[in-house]
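Work through the exercises below with the coordinates open. Each task is followed by its solution.

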Amino acid sequence: MIKRFALFILGLCVMPQIGWAAPCSRINLTKCLDSACAINLSSNPAARCQYCGTADAGTPAASAMKSVTAGASSKNTISAKDLKKAPSDPGDRYIWASKLCLGIVPNCTSEDISEAYDPLIEKSCTAAGISNDMATLQKKAAKNTKTANSCTDEIMVCLTATNKCNSDFSKCSSEEQFNNAFATCSSQATGCTNFIDKVRNNIATNRKSTLSAKDSNIEAIVASHQSKRNQKMASIKSNCSGNTDYDSCVTTACKNNTSNNCENDEQKKIATNLCQFYKTACAKVK
């Protein structure tokens, strides 16, 4: 029984766009990987193992290596054009296909690949009656995929999770909070030791910019509300000082509620009583 293919993909992490509201479609992710790793699967149960598992499983037909199964081409699969560039070595081919599919199927991570696809390869290899040298594949994956950028992406995904700093770094506003979260996330990013200082500087700069922009936005909103309130208050005081609103209310009440526009004193008194609330309100304005 071979070990879980999670060991193989451990060195691979390409961050999807942060915007992350929708979940990863593992059905589409499997379909995408199958377009490179399960060619002619119906007639060759060992296909996944041969293409993306281990060379010990044997070599698939040369004519099939760079062609897509009929009807497999779609928005969730690797294109026939790209497939022509696929490596023939199973380990390299799996790394290559994983990178492409993380770009094709949104919101997925290397963990999704490991959990959704590695068991399928394992079953394929078991069916073929072979075992896999996982240690060799793991070293090859780490060597071929870890860069400063991929490490930054991997650690950023961890840091901006809701249980760490959050996407706006609101939970890491203090240096201590940020340092603790970064220490945790960087320790989980295997193969990134050589890039840690550069990664930290990049993310720290991003964090400061995000927090600064957030503070500026809040200050602008508060200032806008204060300005509008001051303008409104000045207008109210002006209208109160000249009884503008009160006189307008009386005129409107007489026009709308009497046929002779308050010609007699009784009608005038009713209209002024209706509008008395303006004078009461103005008396409270400082």
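Buried means under 20% relative accessible area. The model is predicted.

**Exercise 1.** Classify cysteine 165 and cysteine 172 as buried or exposed, then find the handedness of their disulfide.

Solution.
- Step 1: cysteine 165 is buried, and cysteine 172 is too.
- Step 2: their sulfurs lie 1.9 Å apart, S to S, in a disulfide.
- Step 3: the torsion about this S-S bond is about -75°, so the disulfide of cysteine 165 and cysteine 172 is left-handed.

**Exercise 2.** Find which helices the disulfide of cysteine 37 and cysteine 52 links.

Solution.
- Step 1: the S to S distance between cysteine 37 and cysteine 52 is 1.9 Å.
- Step 2: cysteine 37 sits in helix 2 and cysteine 52 in helix 3, 15 residues apart.
- Step 3: cysteine 37 has a relative accessible area of 0%, so it is buried.
- Step 4: cysteine 52 has 1%, so it is buried.

**Exercise 3.** Find the handedness of the link between cysteine 49 and cysteine 125.

Solution.
- Step 1: a disulfide joins cysteine 49 to cysteine 125, S to S 2.0 Å.
- Step 2: the angle about the S-S bond is 100°, and this link is right-handed.
- Step 3: cysteine 49 belongs to helix 3 and cysteine 125 to helix 6, 76 residues apart.

**Exercise 4.** Name the residues that touch the most other members of the largest nonpolar core.

Solution.
- Step 1: this core has 27 residues.
- Step 2: Leu29, Leu33 and Tyr94 touch the most other members.
- Step 3: helices 2, 3, 5 and 6 each give two or more residues to this core.
- Step 4: another core lies apart from it, with 19 residues, including Cys151 and Val199.

How values were computed:
Residues numbered from 1 in each chain as written. Predicted model: local features only at pLDDT ≥ 70, side-chain atom pairs only at ≥ 80, totals over all residues. Heavy atoms only, no water. Core = buried A, V, L, I, M, F, W, Y, C linked by side-chain atoms within 4.5 Å. Buried < 20%, exposed > 50% of the residue type's maximum accessible area, 1.4 Å probe, protein only. Helix = DSSP H or I, 4+ residues; strand = E, 2+ residues; numbered from the N terminus. Disulfide = S-S within 2.5 Å.
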